Structure formats: structure tokens, C-alpha cells
Amino acid sequence: MSITPDLEIMIFNGVKELLNYVNNQISDLEKRIKEIEGMMGDLKVKADKYMALMQMIEEIVGKGQQLPLSAAIELTGLKIIFDPRPIDEYEALDESRKAMVDRLSALTKVRDILDVISKKLGDKAEVPILVELKMGIPIKVIFRSW
């Protein structure tokens, strides 16, 4: 038996309540993505300057030379960076933004399906449902009673 740590179960009173939950998740993600993109815009100039400086240094000292520019340690899968380079921050923000955009896309698809279910079933869709979520995205909807 495999245990998947990113799965959880939620109970909703009906499809409309689940739809509200998904819409709130989408709205929250859209706000957070905009915030991250703003932070990335601010860092982009610094990261570009940093990369130009690194290229110049590589030309002077030669490629392949290790230049210790920031202190980073990893403890049981957690990477801790002290005095980060602008590119470190930019890459971390970009990775998170991409993952959030993927999650937003999946939630939007779920919302579209739930919209159709809600419209087709009408009041019949308002029965208790059990929802399995993976990383916050509904992956299974179980209508508990008719």
C-alpha cells in the first residue's frame, strides 16, 4: 500500500460549495502570481546585471572555475541560501510562479467541469460530496447520497 502525502479529503454540501472553494483558490493564486511577477520584474534588472558581471569574470578567470559567491547549505532536502545572488532569488521566484501557473490551469479546468455539472444537474448537484484533492486540486468527486 502506498501512502501519498499530498492527498487530502474535504467534504462539501454540494457542487456549488465546491465551485466556490475552487473559485477562491483560483482568485488567491491569481493574486499571488501577480505579486511574484512584480517581484520578478524588480529582480530581473539585478539578475541581468549579475549575469553580465559573471560572464565578464568567466572571461577573465576562465570557464569552469568555481567562484564561491553565496553560501548555501542543504539540510534534509531544505536548501538554505545566505546572502543570495540576484539570480538565486529570481530562479526561486520563477520556479514557484511556473508551478502556480500550472496549478491555476488545472484548477481552471476543474472549475469548467464543475460549472457544466452544476448546470446539467441543477438542484440534484446539491447533495453532500466527498472530494479528494491532490496538492489542493480536486482529483476525485464522490457524490455521497442522492
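A salt bridge here is a side-chain nitrogen of Lys or Arg within 4 Å of a carboxyl oxygen of Asp or Glu. By that rule, a search of the whole structure turns up six salt bridges. The structure is a predicted model, in which local features need pLDDT of at least 70 and side-chain atom pairs count only at pLDDT 80 or more, while totals for chains, interfaces and linings use all residues. Residues are numbered from 1 along each chain as its sequence is written, and side-chain values use heavy atoms, with hydrogens and water left out.

Helix 1 covers residues 15-61; helices (H or I, at least four residues) and strands (E, at least two) are DSSP runs, numbered from the N terminus. Within helix 1, arginine 32 and aspartate 28 sit four residues apart, about one turn of the helix. The two form a salt bridge, with their closest N and O atoms 3.1 Å apart. Arginine 32 is partly exposed at 34% relative accessible area, and aspartate 28 is partly exposed at 34%; buried means under 20% relative accessible area, exposed over 50%, and partly exposed in between (1.4 Å probe, protein chains only). Lysine 44 and aspartate 48, also in helix 1, are four residues apart, about one turn of the helix. Their side chains meet in a salt bridge (3.0 Å, N to O). Lysine 44 comes out partly exposed at 36%, and aspartate 48 is partly exposed at 40%.

Methionine 56 is in helix 1 too, and counts as partly exposed at 43% relative accessibility. Together, Leu53, Met56, Ile60 and Val61 make a nonpolar surface patch of about 380 Å². Patches are made of residues with over 30% relative accessible area and no salt bridge, where like charges are joined within 9 Å and nonpolar side chains (Val, Leu, Ile, Met, Phe, Trp, Tyr) within 5 Å. The areas come from the Shrake-Rupley method with a 1.4 Å probe, and for residues only the protein chains shown count as cover.

Next come the strands. Strand 2 and strand 3 (residues 78-82) pair in the antiparallel sense over five bridges; two strands pair if DSSP finds at least two bridges between them. In this hairpin, which has two residues between the strands, threonine 76 takes a positive phi near 40 degrees. Leucine 75 stands opposite leucine 78, and isoleucine 73 has isoleucine 80 as its bridge partner. Alanine 71 lies in strand 2 (residues 71-75) and is partly exposed at 42%. The C-alpha atoms of alanine 71 and phenylalanine 82 are separated by 5.2 Å, although the two residues are eleven apart along the chain. Setting aside neighbours within four places in sequence, alanine 71 is in contact (heavy atoms within 4.5 Å) with Ile80, Ile81 and Phe82.

Another three strands form an open sheet in the order 1-4-5, with antiparallel pairing. Its edge strands, strand 1 (7-12) and strand 5 (137-143), each pair on one side only. Six bridges join strand 4 (residues 129-134) to strand 5, and valine 131 stands opposite valine 141. Lysine 140 forms a salt bridge with glutamate 132, the closest N and O atoms being 3.5 Å apart. Lysine 140 is partly exposed at 43%, whereas glutamate 132 is buried at 19%.

Salt bridges that share partners also join Asp94, Arg97 and Lys98 into one network. Arginine 97 is in helix 2 (residues 86-121) and counts as buried at 19% relative accessibility. Beyond neighbours within four places in sequence, arginine 97 is in contact with Ile33, Ile36, Glu37 and Met40.
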